[in-house]
Amino acid sequence: MTRVRTGVLIPVRGFPRYLSETLDAVLAQEPDEVVVVDDGSFEPIRSERVRVVRRESPGGPAAARATGLEALGDVDVVALCDADDTWEHASLSALVAGLEAEPDAAMAFGRALIVGPDGRPTGECWQEPGAGLHEPAAFFAHNPIPTSCTALRRSALEEAGGFGAPDLVAEDWDLWLRLRGPLLCVPGARVRYRRNPDGLTADVERLARAQLALHRRHAKLVDEGQARAAQDSDERALRRARLRRVVSL
């Protein structure tokens, strides 16, 4: 039986405060390749432990991952991890084993333990899909998939159009909805997902706009009522975010 080759993409921009910790966890799980993508940082990022490729101007997570994908060699599975998150023990092998056991799955994903900048659990809980296969449309209304605990078949990723996305936020969610095969939940894989007050998802108004655009773009995945309900929710969230911004001025 042919061994599955895995590559890991880690986009980073700016001062990589947690990158060493992230690399410790990733390299301990012995992937075949690791590519760190410097997304146009003011000071170039360097590492003696893994390959670093640099974008001269920032393009956001999707563009950075696309650059990293071009740099990867002949791998079968592309795993994602952000530069401030940390895989727990044996998470990569659990995701790959899941894909081997479910040949129709386009992607495998795990679960997240939410931690703060200090690494301590925040107590926040995300929705946790049940173990097993789920159609992409099951994630139309909400995105409970932790990007940093995902592994995609390279063939499925390329069939879906790669990492290209029209928005800088919710770009991962857009990819899940573009995949043409089921998504596999593997509860045994877990990432310590770090809440960062400076992260892209901290901009509530920007996120609400991106979610509204995403729900309009993928409305045909669900029935008209579900599509309308999701867009109505996004529009309410956008109005609340705009009101908070005005009040804070």
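## Basis

The model is predicted, with local features needing pLDDT of at least 70 and side-chain atom pairs counting only at pLDDT 80 or more, while totals for chains, interfaces and linings use all residues. Residues are numbered from 1 along each chain as its sequence is written, and side-chain values use heavy atoms, with hydrogens and water left out.

A salt bridge is counted when a side-chain nitrogen of Lys or Arg lies within 4 Å of a carboxyl oxygen of Asp or Glu. The count by this rule is 24 salt bridges.

One of them joins Arg-3 to Asp-32, with 2.7 Å between the closest N and O atoms. The two residues are 29 apart and link distant parts of the chain: Arg-3 is in the segment before β1 (6-12), and Asp-32 is in the loop between α1 (19-27) and β2 (33-39). Helices (H or I, at least four residues) and strands (E, at least two) are DSSP runs, numbered from the N terminus. Another salt bridge, at 3.7 Å from N to O, pairs Glu-33 with Arg-5. Glu-33 belongs to strand β2 and Arg-5 to the segment before β1, so this pair ties together parts 28 residues apart in sequence. Arg-3, Arg-5, Asp-32 and Glu-33 are linked in a network of salt bridges.

## Glu-21 to Arg-194

The side chains of Glu-21 and Arg-194 form a salt bridge with an N to O distance of 3.3 Å. Here too the pair links distant parts of the chain, 173 residues apart: Glu-21 is in helix α1 and Arg-194 in strand β9 (residues 183-194). Glu-21 is partly exposed, at 37% relative accessible area, whereas Arg-194 is buried, at 6%.

## Positive patch

On the surface, Arg-236, Arg-239, Arg-240 and Arg-244 gather in a patch of positive charge. Patches consist of residues with over 30% relative accessible area and no salt bridge, joining like charges within 9 Å and nonpolar side chains (Val, Leu, Ile, Met, Phe, Trp, Tyr) within 5 Å. The place of an Arg charge is taken as CZ.

Arg-240 is in helix α7 (residues 224-248). Its relative accessible area is 46%, so Arg-240 is partly exposed.

Methods. Accessible areas come from the Shrake-Rupley method with a 1.4 Å probe; for residues, only the protein chains shown count as cover. Lys and Arg count as positive and Asp and Glu as negative; His and the chain ends are not counted. Buried means under 20% relative accessible area, exposed over 50%, partly exposed in between (1.4 Å probe, protein chains only).
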